[in-house]
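Subject: Structure for your review

Dear colleague,

Please find below the structure that I am handing over to you.

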Amino acid sequence: MFFYHVTGKVHGVFGYITIDQPEIKFKDYYRYRAYYCGLCCAVRDRYGQLGRISLSYDMTFLALLLDAVYDSDTRRSEFRCIAHPVKKRMRLENDFISYAADMNLYMAYLKCLDDWNDDRNVIKKLYSLLLSRRIKKIEKRYPEKTKSIKEHMSELDVYEKSGSDDFEGAAGCFGRVVSDIFAYGGIWNEGLARMGFYLGKFIYILDAFDDLKEDEEKGSYNPLVKLSRESDFPGKVKAILMAMISKAAEEFEALPADENMDILRNIIYAGVWKKFDENVQEMRADGVPAGYADATAVEDKTLN
């Protein structure tokens, strides 16, 4: 996460807000990768190698979006990546990538604390302790934003601790977290915040759908357990997700974005569905009830 597993645990980054690589042009793919490499280097430069553990494709989307909406002084440079040492790679640097790096680390820290409180995950506790000095710098840099994010995460914790099946309410809490993160400032702040709210709700519901089987096996909290007992559960989930991502897309299209549009639309209209479609394919392979296998065929008209 910026978007980490939020339904009671964290395994790492979501990876839900990413490109649909088979459908993207080569030039756009290499530009996307330059943002991702820029984010990776920004995390390293600001917080050391330790911070790179939390690196997220999702925050790459945020950097792309902000750079498309606002003007930036973007710098390009080549570097040799330790993970890909054979050939030099391109990286981009600007204020939006630096901001995404800050939010990336901050959300990783909060979720490590959440894992410790919920599951007494010692590894996550250790990681949070190692990050604590770096986190103080972020909280000092964004005092109101980080305070609001923590408040909304606490609200979400109430839903999870009570075992609530109100997935709309729980998703709303996380939507407000993402709204805070997207609200970078400037004249388009409100539109970015609204887009972040609906995208955050989409992420929360998709994560719950993705984790449902594992959560049931472990007895962990998942807000979709009750809904999953109903017929055509995946179809209903897709209708909910479609409603959320449609509203996020509507807010996006209202923004004055001029750069990175092909990449951003590839992500919003295609990439975000990759994990859902993978889950439905697994359900088909497992021999799920007939209605389940039709989830990928749900049409937009179901929302009208």
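A helix here is a DSSP run of H or I with at least four residues, and helices are numbered from the N terminus. Please keep in mind throughout that this is a predicted model.

I begin with a pocket. Helix 1 (residues 26-47) supplies 6 residues to the lining of the second largest pocket, the largest share. In total, 18 residues line this pocket, and Y29, R33, Y36, Y57 and R89 lie nearest its centre. Its volume is about 310 Å³. Sorted by class, the lining comprises 11 nonpolar, 4 charged and 3 polar residues.

Next come the cysteines. How many disulfides does the structure hold? The number is 0. For C41, the closest cysteine sulfur belongs to C40 and is 5.5 Å away, which is too far for a bond, because a disulfide requires sulfur atoms within 2.5 Å. C41 is also buried, at 0% relative accessibility. C37 has a relative accessible area of 6% and is therefore buried, since the limit is under 20%.

Finally, I turn to helix 4. This helix covers residues 122-141, 20 residues in all. From first C-alpha to last, helix 4 reaches 28 Å, close to the expected 28 Å. A bend of about 55° occurs in helix 4 at S132. Which residues of helix 4 are buried? They are K124, Y127, S128, L131, I135 and I138. An α-helix has 3.6 residues a turn, so residues three or four places apart point the same way.

Yours sincerely,
A colleague

Notes:
Residues are numbered from 1 along each chain as its sequence is written. This is a predicted model: local features need pLDDT of at least 70, side-chain atom pairs count only at pLDDT 80 or more; totals for chains, interfaces and linings use all residues. Side-chain values use heavy atoms; hydrogens and water are left out. Helices (H or I, at least four residues) and strands (E, at least two) are DSSP runs, numbered from the N terminus. The expected span of a helix is 1.5 Å times one less than its number of residues. The bend at a residue is the angle between axes fitted to the seven residues ending there and the seven starting there. Buried means under 20% relative accessible area, exposed over 50%, partly exposed in between (1.4 Å probe, protein chains only). On a 1 Å grid over the protein atoms alone, a cavity is a set of points where a 1.4 Å probe fits but cannot get out, and a pocket is an open set with protein on both sides within 12 Å along at least five of seven lines; lining residues have an atom within 4 Å of a point. Grid points are joined across faces, edges and corners, and a volume is the space filled by probe spheres set on the points. Ala, Val, Leu, Ile, Met, Phe, Trp, Tyr, Cys and Pro count as nonpolar, Asp, Glu, Lys and Arg as charged, and the others, Gly among them, as polar.
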